[in-house]
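Subject: Model for your files, with notes

Hello,

Here is the model you asked about, with the sequence alongside. My notes follow below it.

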Amino acid sequence: MKIAIVGAGLDSVAPAFQHGGGPATMDAVRFDWNDLRFFAAVLEHGSTARAAKAVGVDQTTCARRIAALEQALGLELFARDASGYHPTPAALRLKPAAMAVAKQVDLFASEVETATRRTTGRVKVTSEEYLTRAFLVPALRRFAATHPDVQVEVDASSSYRDLQAGEADIAVRAGEAPDGAGLVRRKLREDPWAVYCTPGYAEAHGAPTGLHDLAEHPLVSLEAAAPGMRALGFEGPVRQMLSSVAAVRASIETGACVGALPQIVAEAGPELRFCFGVPESSGIWLVYPERVKGVPEVRALAACIADVFRKGAGAAAS
């Protein structure tokens with residue numbers, strides 16, 4: 001059986017599959033190899049709606065591409081009902097090969113993105129917003145003075161990016177030590193947290209003095225920090241659950257609630273009152289893939305970032 005793979009304007013025929021050592025006798029099956037992405041996504045997520053979201057297209061497009069692949073192959077790949085798409089025996093037989101192709105295509109795409117940044121003199125850094133303002137911006141100013149021709153892309157986000165997949169070259173992250181093979185890690189500093197309120201809130205309601213009485217106060221929490229608070233023994237209700245440190249600080253500054261913040265964020269302004277320190281602190285880490293550690297601009301930017309953390313954001317900014 002011969003498979004003709006059509007994609008990106010190419011019409012190529014793969015070597016014939018041999019059965020029993022003899023030549024293939026069936027007509028060629030022609031399909032768009034881009035449709036394998038949709039096939040793999042529906043296999044993984046169980047519906048065209050969830051698969052479309054993962055791939056980054058609308059549901060109609062995903063369903064249309066699955067139908068086109070089925071027509072090209074002459075096989076029913078999914079049984080449809082109200083609960084979703086269910087793989088047929090034919091789909092399950094094709095699943096290992098399809099998933100392997102999809103993985104290799106994703107790897108190729110990430111390598112292309114990394115190679116493009118290398119050839120165009122670009123470095124991409126990802127970090128949380130509060131770390132970007134306090135440390136990364138001073139580091140970028142220093143880096144620009146010595147590498148004026150290198151463009152730096154900054155992804156200030158609380159979402160973790162996959163460095164091995166090429167989503168960024170360098171990450172500066174707070175939390176537990178990053179894991180994963182093929183990553184270079186360097187601890188930059190501790191990241192102690194504390195609970196804060198405004199002076200006006202403390203005057204009107206009193207300030208909490210420990211986790212034992214925190215449940216008596218309206219609490220705002222960073223979504224990512226909530227499990228850690230529970231682990232420390234806090235069992236009270238959370239009034240607001242927010243996705244960024246900046247949003248938590250803004251909510252505390254209204255004077256309507258109390259909340260935990262990194263101390264470097266709270267100390268950046270005089271508006272907040274320290275209530276008590278959170279018993280456990282996390283670290284701040286510099287991370288990048290081993291495969292880029294020899295790239296001069298990556299190495300230079302990593303050194304600038306580490307130096308700013310060593311000296312402190314205030315000293316670096318002066």
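How many of the six residues of strand S6 (residues 122–127) are buried? Six of the six are, so S6 is largely enclosed by the rest of the structure. Buried here means under 20% relative accessible area, exposed means over 50%, and partly exposed is in between (1.4 Å probe, protein chains only). Helices (H or I, at least four residues) and strands (E, at least two) are DSSP runs, numbered from the N terminus.

Before the rest, two remarks on the source. This is a predicted model, in which local features need pLDDT of at least 70 and side-chain atom pairs count only at pLDDT 80 or more, while totals for chains, interfaces and linings use all residues. Residues are numbered from 1 along each chain as its sequence is written, and side-chain values use heavy atoms, with hydrogens and water left out.

Overall

The protein has 318 residues, of which 42% count as buried. Its secondary structure comes to eleven helices and 15 strands. Of the contacts (heavy atoms within 4.5 Å) with a separation of 6 or more, 67% are between residues 24 or more positions apart.

S6 runs parallel to strand S7 (residues 151–156), and six bridges join them. Two strands are taken to pair if DSSP finds at least two bridges between them.

Gly46 follows H1 and has a positive phi, near 85 degrees.

The five-stranded sheet

Five strands form an open sheet with mixed pairing, in the order S12-S11-S13-S10-S14. Strands S12 (240–242) and S14 (273–277) stand at the edges with a single partner strand each, so one side of each is left without a neighbour in the sheet. From one strand to the next, the twist averages 30 degrees. Angles run from 0 to 180 degrees between N-to-C directions, and axes are lines fitted to C-alpha atoms, for helices over the stretch in contact.

Inside this sheet, strand S11 (residues 219–222) and strand S13 (residues 258–262) pair in the parallel sense over two bridges. The bridge partner of Val220 in S13 is Gly259. Helix H8 (residues 245–253) packs on the sheet and touches strand S10 (193–197), S11, S12 and S13; the direction of H8 makes about 140 degrees with that of S13.

Two loop residues

His217 is in the loop between helix H6 (199–205) and S11. At 10% relative accessibility, His217 counts as buried. Apart from neighbours within four places in sequence, His217 is in contact with Tyr201, His205, Gly206, Ala207, Pro208 and Val258.

Pro270 is in the loop between helix H9 (263–266) and S14, and at 75% relative accessibility it counts as exposed. The C-alpha atoms of Pro270 and Thr198 are separated by 9.6 Å, although these residues are 72 apart along the chain.

Pocket and cavity

Both were found on a 1 Å grid over the protein atoms alone: a cavity is a set of points where a 1.4 Å probe fits but cannot get out, and a pocket is an open set with protein on both sides within 12 Å along at least five of seven lines. Lining residues have an atom within 4 Å of a point. Grid points are joined across faces, edges and corners, and a volume is the space filled by probe spheres set on the points.

The largest pocket holds about 830 Å³ of space. It is lined by 29 residues, and Gly175, Trp193, Ala224, Ala225 and Ser282 lie nearest its centre. The largest share of this lining, three residues, comes from H5. By class, the lining has 14 nonpolar, eight polar and seven charged residues. Ala, Val, Leu, Ile, Met, Phe, Trp, Tyr, Cys and Pro count as nonpolar, Asp, Glu, Lys and Arg as charged, and the others, Gly among them, as polar.

There is one cavity of 30 Å³ or more, and the largest cavity holds about 50 Å³. Its lining consists of Trp193, Leu219, Val220, Ser221, Leu222, Ala225, Met229 and Ala260. S11 gives the most, with four residues.

Regards
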